[in-house]
Amino acid sequence: MAVDKMTSTERAAIVLIALGAENASQVYKYLREEEIETLSLEIAKLDRMSPDDMKDVIDDFYGMCVAQKVIAEGGVAYARDVLEKAFGEQQALSLMERVSKSLKTRAFEFVRKADYKNLLMMLQNEHPQTIALILSYARAEQASQIIAEMPKKEQIDIVERIAKLDSASPEMVSIVEATLEKKFSTIISVDTMEVGGVDYLADIMNNVDRGTEKYIFDELGVSDPALSEEIRKRMFVFEDIVHLDDMSIQRFVREVDTKDLAVALKAANEEVSDSIFRNMSQRMQETVRTDIQYLHNVRMSDVEEAQQKIVGIIRQLEEAGEIIVSKGGKDEIIA
């Protein structure tokens, strides 16, 4: 198998095999339990590998190590010059891009490992912009718990700042990170690091309790209605219908125009279609299936518009308390 077709886990397993049992055991000391389990399973699956394939993987790993070292020590321009001389222009560019992506995930690693209560204590006296930056690197679950416990007057400010973050200079990230955790080294990327943004904020909102969610959306609806609607659009997508219970599906289906339903289901995946069809009457099933059968040359934009109409109806019914939208299985239903 070519190196570029291997998964990162397969490559890591091959490197560990090449290191030998003793050295591999030393590497294991620095890995999390789930990483050890994943790599061990991958090592167990590997049976035979040609010497050439093994050499390709090791050479690739060596190139990544060199690239990471020269970027960290000398910066982007220096690294590009060194890597081009060592590996050629094309491979140097590939190594730069791969290392850059891996470095993006490393900032504030200690934040992602921290207990949210300790993190909350650490952030309480920080400026809202600093809090927004740090929470953009936290796990969504951590961020949602912290936002929920922040003073009400600060919640909206922090939420808006997270939504408006799309990039941050490595230097700024490094200064903030070093202040909070001195043991972490400077983070360097080719350009900027992707942080925060509306997608990430929607993920946070999917994890906060409903009281906090309602308060934030009520306030955002006044201060920034466009942002409020943009977040809502990304919180529940058409494919999430499979997570609704049968009664909720039956309820929203009654409110949907059959023509919209036919267009929406024209390009829907099988799981979503099955969830909806099994909650229709026989007559409605026949009507919708017939409409779908006669739909030709439907634009994808029309399908997305119809799906969004249905999502809008689901949101309205949820806000009215007529259906329950389960959020990642965290809502407890009391009979």
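What follows is a walk through this predicted model, from its overall make-up to a few individual residues.

Before we set off, note that this is a predicted model, in which local features need pLDDT of at least 70 and side-chain atom pairs count only at pLDDT 80 or more, while totals for chains, interfaces and linings use all residues. Residues are numbered from 1 along each chain as its sequence is written, and side-chain values use heavy atoms, with hydrogens and water left out.

Let us begin with the whole protein. It has 19 helices and 0 strands; here helices (H or I, at least four residues) and strands (E, at least two) are DSSP runs, numbered from the N terminus. Of its 335 residues, 40% count as buried, where buried means under 20% relative accessible area, exposed means over 50%, and partly exposed lies in between, using a 1.4 Å probe and protein chains only. Contacts (heavy atoms within 4.5 Å) can be sorted by sequence separation: among those with a separation of 6 or more, 74% come from residues 24 or more positions apart.

Now look at a pair of helices. Helix α10 (residues 152-164) packs against helix α12 (residues 198-205) at an angle of about 140°, with the axes 7 Å apart. The axes are lines fitted to C-alpha atoms, for helices over the stretch in contact, and angles run from 0 to 180 degrees between N-to-C directions. That angle makes α10 oblique to α12, since angles under 35 degrees count as roughly parallel, over 145 as roughly antiparallel, 65 to 115 as roughly perpendicular and the rest as oblique. From α10, Val-159, Ile-162 and Ala-163 meet Val-198, Tyr-200, Leu-201 and Ile-204 of α12. The residues of this contact divide into 7 nonpolar, no polar and no charged; Ala, Val, Leu, Ile, Met, Phe, Trp, Tyr, Cys and Pro count as nonpolar, Asp, Glu, Lys and Arg as charged, and the others, Gly among them, as polar.

Staying with α12, we find that 6 of its 8 residues are buried, so this helix is largely enclosed by the rest of the structure. The buried residues are Val-198, Tyr-200, Leu-201, Ala-202, Ile-204 and Met-205.

Next, turn to helix α15 (residues 246-255), where Arg-251 lies. At 16% relative accessibility, Arg-251 counts as buried. Beyond its neighbours within four places in sequence, Arg-251 is in contact with Leu-317, Glu-322 and Ile-323. Leu-317 is 66 residues away along the chain, yet its C-alpha atom is 8.5 Å from that of Arg-251.

The charged end of Arg-232 sits over the ring of Phe-217, 4.2 Å from its centre, and Arg-289 lies over the face of Phe-277, at 3.8 Å from the ring centre. A charge sits over a ring if NZ of Lys or CZ of Arg is within 6 Å of the ring centre and within 35 degrees of the ring normal.

Finally, follow the chain towards α19. In the loop between α18 (282-293) and α19, Asn-297 has a positive phi of about 55° although it is not a glycine. Asn-297 is exposed, with a relative accessible area of 80%. Within α19 (residues 300-319) you will find Gln-307, which is buried at a relative accessible area of 10%. Not counting residues up to four places away in sequence, Gln-307 touches Phe-238, Ala-264 and Ala-268. Val-325, in the segment after α19, is buried too, at 8%. Val-325 and Asp-240 are 85 residues apart in sequence and 9.2 Å apart in space, C-alpha to C-alpha.
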